[in-house]
Every structure is written in C-alpha cells, then in structure tokens.
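Reader: Hey, could you walk me through this one? I'm new to it and would like to go piece by piece.

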Amino acid sequence: MTTNTIESAKTAAKHWYLLLILGVIFILMGILVLRTPVGAFITLSVFLAATFLISGLFEIIYAISNRKNTDNWGWNLASGIIDLLVGILLVSNPGASMVFLIFYVGFALIFRSIMTIGWSINLSKLGIRNWGWILVTGILGLLFSFMLLWNPALTGFAIVIYLAVAFIMIGIAQIIFSFKLKQWKSVN
C-alpha cells in the first residue's frame, strides 16, 4: 500500500464508530419504512416529483450553456423541458405523483427485463455458458413487471419493501465495515 492509502485508512479507522452509528441509523430507517409504508411511499413520491423538477431545470441550463459547443443540444433542451413540466405537474398534484411513481417503476422494470433478455441472447450467440440463467431472470423480471402494472397496490408495496430492505442491508454493511476498521486499527 502507498503511504497515502495507509494514512487515509488510519484516519478512517480512527473514527470507525461513526460508520457504526450510520449503520444503526440505516437499519432504523429500514424498520421505520416497514412500520409506516404509506408515509414512506408518499415521501418517495414527493422526492420523485422534486427530482424531476430539479433535473429538468439543470438539464435546461446545461443545454443552453452548451448550445454553441454541442451538436444536437436541442435534444437536451427538449428533455429538460419535459422533465421540468413533469416535475411541475407532479409537485402540484401529489396524487398524480404517487400514480406516476408506480407506473414509472413498472415500466422501468419492463425496460430492464427486456434488456436482460437481450443480453442473454447475445451471450448465447457468443457461446458463453449458463446464459440461460440470465434469460430466466429476464423473463421472471418481465412477468413480475406486468404483475406490478396489473396491480398498482402491489407496486407501491414492493417499492416500500425494496427501500426498507436496501436501508437495512446498507446498515448491516456499514456495521460490518465499521468493525473491520476497528479490528484493523487495533492491529496497526
């Protein structure tokens, strides 16, 4: 290891307990999301609306500021305007934001599942073994996506569960990492 890497690790290890605290906070957030799924879903919907609003604004600024240096800058401008308009619509109508979130996730999963199926077909053409497993996951993802769009309540529930599990897993990883840093600190 280089001297800079060792010094950085020593500094990080000195404050290992901060990662432990962060891990506990993530786990508590995951539990809170599981205990209040409706509130968590509403919060996600508001966050999605704000994200569209802000990303649209920044994409418009990017397109206008790079119009002389970039070919096809109009596509960035159009995309930014669409995102901004969607953001304004969603911020002004929280109910629409919740419905949009459900369909956004459902269609995003359909798109990803179709991409996965395409990847598996490309792998089979290249003669790569076990490509069938990727095909199976793509098909299952596609079926699951259609189920989510067929039953929007299931989609809202799945989004909340995914969020809670992600928070808990990140929290566990942070705790494990903090103890590894503590262990490394005591050795060095």
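Predicted model: local features only at pLDDT ≥ 70, side-chain atom pairs only at ≥ 80, totals over all residues.

Reader: Good to know. How do the axes of α3 and α7 cross?

Author: Helix α3 covers residues 37-65 and helix α7 covers residues 152-187; their axes come within 10 Å and cross at roughly 90°. Angles of 65 to 115 degrees count as roughly perpendicular, and α3 and α7 are therefore roughly perpendicular to each other.

Reader: And which residues meet there?

Author: From α3 you have Pro37, Ala40, Phe41 and Leu44, and they meet Gly156, Ile159, Val160 and Leu163 of α7. Sorted by class, that contact has seven nonpolar residues, one polar and no charged ones.

Reader: What does Phe41 touch, apart from its neighbours in sequence?

Author: Leaving aside neighbours within four places in sequence, Phe41 is in contact with Met98, Leu101, Ile102, Gly156, Ile159 and Val160. Phe41 also turns up in the largest nonpolar core, as one of the residues with the most contacts inside that core.

Reader: Oh, tell me about that core. How many residues does it have?

Author: The largest nonpolar core has 13 residues, and Val33, Phe41, Leu101 and Val160 are those with the most contacts inside it. At least two of the core's residues come from each of α3, α5 and α7.

Reader: Which helix gives the most?

Author: That's α3, with five residues in this core. As a general point, nonpolar side chains tend to be buried together in soluble globular proteins.

Reader: Switching topic: how many aromatic pairs are there?

Author: The count comes to seven aromatic pairs. Trp16 and Tyr17 make one that is edge-to-face, at 6.3 Å centre to centre with 85° between the planes.

Reader: What about Phe52 and Phe100, how are their rings arranged?

Author: Their ring centres are 5.4 Å apart and the planes sit at 80°, so the Phe52 and Phe100 pair is edge-to-face. Phe52 lies in helix α3 and Phe100 in helix α5, so this pair ties together parts 48 residues apart in sequence.

Reader: And how accessible are Phe52 and Phe100?

Author: Phe52 is buried, with a relative accessible area of 12%. Phe100 counts as partly exposed, at 28% relative accessibility.

Reader: Which residues do ring pairs link into a cluster?

Author: Trp16, Tyr17 and Phe179 are linked that way.

Reader: Let's go to α5. Where's Thr116, and what does it touch?

Author: Thr116 sits in helix α5, residues 94-125. Not counting residues up to four places away in sequence, Thr116 touches Ile134, Thr137 and Gly138. Thr116 is buried, with a relative accessible area of 16%.

Reader: How about Ser120, is it buried or exposed?

Author: Ser120, which is found in helix α5, is buried with a relative accessible area of 0%. Its contacts, leaving aside neighbours within four places in sequence, are Trp131, Ile134 and Leu135.

Reader: What's the phi of Asn130 like?

Author: Phi of Asn130 is near 60°, a positive value in a residue other than glycine. In general, most residues other than glycine have a negative phi. Asn130 lies in the loop between α5 and α6 (131-150), and Asn130 is exposed, with a relative accessible area of 54%.

Reader: Last topic: α2. Where is Met29, and how exposed?

Author: Met29 is in helix α2 and is partly exposed, with a relative accessible area of 35%.

Methods. Residues numbered from 1 in each chain as written. Heavy atoms only, no water. Helix = DSSP H or I, 4+ residues; strand = E, 2+ residues; numbered from the N terminus. Buried < 20%, exposed > 50% of the residue type's maximum accessible area, 1.4 Å probe, protein only. Contact = heavy atoms within 4.5 Å. Axes fitted to C-alpha atoms, helices over the stretch in contact; angles between N-to-C directions. Parallel < 35°, antiparallel > 145°, perpendicular 65-115°, else oblique. Nonpolar A, V, L, I, M, F, W, Y, C, P; charged D, E, K, R; others polar. Phe/Tyr/Trp six-rings, centres within 6.5 Å; stacked < 30°, edge-to-face > 60°. Core = buried A, V, L, I, M, F, W, Y, C linked by side-chain atoms within 4.5 Å.
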